[in-house]
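Please open the model in the viewer and display the chain as a cartoon. The tour begins with the whole chain and then turns to a single residue.

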Amino acid sequence: MKELLELYFAFLKIGAVNFGGGYAMLPLLERDLVQNRGWTTTQDLTDYFAIGQCTPGLIALNVSTFIGSRRKGIPGAIAATVGFVTSPIVIILIIATFLQGFADYPVVQNAFAGIRVCVCVLIIQAVLRLWSKSVVDKTTLALYIGVFLMTALSGVLPLAVPAAVLVIISGMLGVIIGGFRDKHK
């Protein structure tokens, strides 16, 4: 029970500062879960983010569920997930109650502008961290360039490839490339 409460309160704290969500949360999650608590590794966290990106729901929420499950099975997954969503639900209810009357004030609009800038910086930092852990050789660079071009040019190409298809193809290529490398070691 103590470890379930620890999971709940750890993710309650993380959920309370989940500004920007997803990749903006990677530095915070890495510091808290990898460096401070030792609950996971940077590589596993990166993998959780990749899986979390491909599954329904918020990336950071999915990561909390994965880590809770890894620590204490289904009860851990539930504790971590509920912990993660508790703070945002309370904060959103409070904001929704009072924001309607304050949204047009310049100070509120300026605060949101500042928050957007901060979130952009956090996302760029997360992308750079993911890049350094994912694009590690010429093969992964080629895969990155191919997926990037297909995504960036999707509006120009005669057939836009859905992101889910790109993820599945990239995963399959990873298996093939990894198998090829293992045979030639």
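Helices here are DSSP runs of H or I with at least four residues, while strands are runs of E with at least two, and both are numbered from the N terminus. The model is a predicted one.

Next, select the C-alpha atoms of the chain. Along the principal axes, these atoms fill a box of roughly 60 × 50 × 25 Å. Of the contacts between residues at least 6 apart in sequence, 56% join residues at least 24 apart.

Of the 185 residues in the chain, 26% are buried.

Then colour the charged side chains. There are 14 positive and 9 negative side chains. The centres of these two sets lie 3 Å apart.

Finally, select Thr 40. This residue sits in the loop between helix H2 (26–36) and helix H3 (42–54). Is Thr 40 buried or exposed? Thr 40 counts as buried because its relative accessibility is 7%, and the cut-off for buried is under 20%.

Which residues does Thr 40 touch, leaving aside those up to four places away in sequence? To see them, display Leu 33, Val 34, Leu 45, Tyr 48, Ile 67 and Arg 70 together with Thr 40.

Terms used. Residues numbered from 1 in each chain as written. Predicted model: local features only at pLDDT ≥ 70, side-chain atom pairs only at ≥ 80, totals over all residues. Heavy atoms only, no water. Buried < 20%, exposed > 50% of the residue type's maximum accessible area, 1.4 Å probe, protein only. Contact = heavy atoms within 4.5 Å. Lys, Arg positive; Asp, Glu negative; His and termini not counted. Charge placed at Lys NZ, Arg CZ, Asp CG, Glu CD.
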